[in-house]
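Biologist: I have a structure open and would like to learn how to read it. Could you take me through some features, giving the idea and then the case here?

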Amino acid sequence: MSDKPEKLITDDGLRLDGRHADEIRPMKIEIGVLSRADGSCYLEWGRNKILVGVFGPREAHPRRSQRADTAVIRYKYNMASFSVEDRARPGPSRRSIEISKVSREAFEPVIMAELFPKTAIDIFVEVLQADAGTRTAAINASSIALADAGIPMKGLVTSCAFGKVDGQIVLDLNKEEDNYGEADFPVAMTQDGEITLLQMDGNLTPEEIKKGFELVKKGCKEILEIQQAVLKKKFETPVEEPEEEVPEETAETEIEVVEAEPSLEYAPEAVAVEEVIEEAEELEEELSEETTEACAVDEEAPECEKLEELIKEAEAEVVEGEAIEEVIEAEIEEEAEEEAFEDEADFEAAFEASFEEVSEPEEIEELEPEETVSEEAEFEPEIEEFAEEEARFEEEPELEEEAGIEEESQLEEEAGIEEEPQFEEEAQLEEEAGIEEAVSEETLESEPEIESEAESSEEAPAEEEPEEESKGPWKVVKDPSESGSRGENDE
Amino acid sequence: MSEIIATLKKDYIYNLMVKGKRQDGRGFKDFRDIKLETGLISKAEGSAKVTLGDTQVLVGVKLQTGTPFPDSQDEGVIITNLELNPIASPEFEPGPPREDAIEMARVVDRGIRESGAIDIKKLCITVGESVWIVFIDVHILNDDGNLIDASCLAAIAALMTTIVPNEQHGIGPNVPLAMKEIPVGVTLAKIGSKLMVDPSLDEEAVCETKLTVVSGSDGAVAGMQKMGSAPFTEAEVLEAIDMGCEKAAELRELYLEALVKRE
């Protein structure tokens, strides 16, 4: 251990690492880094390196730990023995047990555990490198991992600490400040500012605590923006289709903003994140308007009626790029192959059913506008070019699965396949008479949208837009019963 | 402490709270009767027993010599342990400490350590070689709620009456343990939207969350811990800090300052 530096805050008000008092350290988040975990996150915050894996809801062992009315949430904070200067003894310490307990309690108010009685939701935190503030970093990472796992939550939990250094209240202590500072005050809060974790040691007057709260709220807001950007990126970015300019563009910019090793000037970056989000939203708006127009045109061409239905169906399922053509093609040309797909579809339908509640709705809303434009624009001229698309069609499902895409995109893909056969049978018979009914017989949640779009193609996108904006990327927020507006308040 | 409580009783306590009352007739800012005894265990260097309502906590302080930590060569060592003794409640079982026992021990420890209650520099015998290690062992004898406040009070009282056994080790005459501060912990339970001090066992079972505030005699907060699964609002936290500091000052004056004068 080095000796205490003479000053932790220099005369010009900067800290040893060059930050201002109200600045957090640069944060980098990667989502879905572990293939076997249901949700995972790798987070770097300053020199902290944290890895979180989430499993569940899964069967709770031992059985006596099960609870009949709710899932048990288990949070295990563990420090790698090499994460600190002097080797830490492996295994749980009293410190890690305490941190596990308070961190679990930080998530209990937001995780909708009552939806999964008798199960366990496991959150495993590995601190790979520690540099003060690991419990707050772990909570931020866990929040993302839980969202990645699709665990329904009322909102994200965000955590940040403040402390006192050289008599001054500062945000997000680094190691030196933690060691030689006068106080450390970790806080975790929900999106609407309810405090779910609060610890403190050191020496603070009530006035200093008030001041600290202001700092922490600012810090948490910045972190929340980073978390949201990361989730948005993951759940909005199409995995393939490099020729599609629009989604790619947004994705790239977000990557830059989120992942670029931020300089010490942190605050401007948070602004940049905001701007990018706004830009993306504006873009989407524009696009969805175009979509509307395109739809209107399509509707007028009578011979395209059937195709149009298919397009809408495909839209609803968020089939990417050629998926639409695939559907059409498959129907027109490939009855033989469909049988094979049907089997697959059954299996996938069952698989999907378990995810439907959680993942379907936002995916549809968020991806729809972007995707459909290019498809529809291209569509009419390309009707005859099916032969080309065919080849791609066959490859795609495999490709995407190999690429290790999130469940969502698989589901979407499968949803498309799933409906083909059904649709084909019915659609060909009832082409004119009952396409809408045929569609609605299919059990997907996307149905209402299809109909509404068909009937009033202008309204549908208009309705979707605001939802998309307000509810943002963290699907967990809006999913289940309570859903809704919690996320908005804080921003 | 997941005591099981009848829904009927839960509703009763909740409804009382709405009316601004408590089960045992106390106000929201009233502690139960406190009885503090010190020097009960002559084998220990310091000891204190706190009876808070029906809650009983016994703290014994033992001092031993040992080597200092490498990063604090001239400072004594404080080790706090808290035992949820099975005689204290049917809920407690023998075995390694549960997470709530560990948490409570660490909160008590933090209050003492961070407030600078013990002058740890004076516990150094030879720099880098030999220092006093202060073992604070908290034994819960009967759990009727609010173990933390009782433990904090008993621990600081025991420390204030601790004698450093220098003679035993041939390093001069016995002296009282050098104290610099008197931290007092006050726990506030949140039931509905109300905060109340010193929750009884039933109130603990009903309350959604608790906040312990440990403060020193200068009115500064030395440690805090939120326990329980429900959130607090910022306003509630600030209110809890005010209430906690106020009650801590009262307790300090009533029970602990007498110990200082006695020395």
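**Reading the model**

Modeller: We can begin with one residue, Asn146(B), which lies in the loop between β6 (130-142) and α3 of chain B. Keep in mind that this is a predicted model.

Biologist: What is the phi of Asn146(B)?

Modeller: Phi of Asn146(B) is near 55°, a positive value in a residue that is not glycine.

Biologist: Is Asn146(B) buried or exposed?

Modeller: A residue counts as buried if 20 or more other C-beta atoms lie within 10 Å of its own. Asn146(B) has 27 other C-beta atoms within 10 Å, so it is buried.

Biologist: Where in chain A is Asp172(A) placed, and what is its phi?

Modeller: Asp172(A) sits in the loop between β7 (168-171) and α3 (175-180) of chain A. Its phi is near 55°, again a positive value in a residue other than glycine. Asp172(A) is buried too, with 30 other C-beta atoms within 10 Å.

Biologist: Which residues does a cis peptide bond join in chain A?

Modeller: One cis peptide bond joins Gly56(A) and Pro57(A), with omega about 0°. Pro57(A) is in strand β3 of chain A. Another joins His61(A) and Pro62(A), where omega is about -10°. Pro62(A) lies in the loop between β3 and β4 of chain A.

Biologist: How should I read a sheet, and in what order do the strands of the open sheet in chain A stand?

Modeller: Strands of a sheet pair through backbone hydrogen bonds, either parallel or antiparallel. In chain A, 5 strands form an open sheet in the order β1-β2-β3-β5-β4, and the pairing is mixed. At the edges stand β1 (27-31) and β4 (72-79) of chain A; each has a single partner strand, so one side of each is left without a neighbour in the sheet. From one strand to the next, the twist averages 15°.

Biologist: In which sense do β4(A) and β5(A) pair, parallel or antiparallel?

Modeller: β4(A) and strand β5 (residues 119-129) of chain A pair in the parallel sense over 8 bridges. Within this pair, Tyr75(A) stands opposite Ile123(A) in β5(A).

Biologist: Which helix packs on the sheet?

Modeller: Helix α2 (residues 134-148) of chain A packs on the sheet and touches β1, β2 (39-45), β3 (48-59), β4 and β5 of chain A. The direction of this helix makes about 150° with that of β2(A).

Biologist: Turning to chain B, how many helices and strands are there?

Modeller: Chain B has 5 helices and 12 strands. Of its 263 residues, 46% are buried.

Biologist: How do α2(B) and α3(B) cross?

Modeller: The axes of α2(B) and helix α3 (residues 147-160) of chain B come within 10 Å and cross at roughly 45°. That angle makes α2(B) oblique to α3(B). The crossing is right-handed. Residues making the contact include Met104(B) and Val108(B) of α2(B), and Cys152(B) and Ala155(B) of α3(B). By class, this contact has 9 nonpolar, 2 polar and no charged residues.

Biologist: How many residues of chain B are in contact with chain A?

Modeller: 28 residues of chain B are in contact with 26 residues of chain A. α2 (99-114), β12 (221-228) and α5 (234-262) of chain B each give two or more residues to that side. β12(B) gives the most, with 7 residues. By class, the side of chain B that touches chain A has 13 nonpolar, 6 polar and 9 charged residues.

Biologist: Which strand of chain A pairs with β12(B)?

Modeller: Strand β9 (residues 195-204) of chain A pairs with β12(B) in the antiparallel sense over 4 bridges. There, Gln199(A) stands opposite Gln225(B) in β12(B).

Conventions
Residues are numbered from 1 along each chain as its sequence is written. Chains are lettered from A and ligands numbered from 1 in the order in which they are written. This is a predicted model: local features need pLDDT of at least 70, side-chain atom pairs count only at pLDDT 80 or more; totals for chains, interfaces and linings use all residues. Two residues are in contact if their C-beta atoms, placed from the backbone, lie within 7 Å. Ala, Val, Leu, Ile, Met, Phe, Trp, Tyr, Cys and Pro count as nonpolar, Asp, Glu, Lys and Arg as charged, and the others, Gly among them, as polar. Two strands pair if DSSP finds at least two bridges between them. A residue is buried if 20 or more other C-beta atoms lie within 10 Å of its own, exposed if 12 or fewer, and partly exposed in between; C-beta atoms are placed from the backbone. Axes are lines fitted to C-alpha atoms, for helices over the stretch in contact, and angles run from 0 to 180 degrees between N-to-C directions. Angles under 35 degrees count as roughly parallel, over 145 as roughly antiparallel, 65 to 115 as roughly perpendicular and the rest as oblique. A crossing is left-handed if the near helix is turned anticlockwise from the far one by less than a right angle, and right-handed if clockwise.
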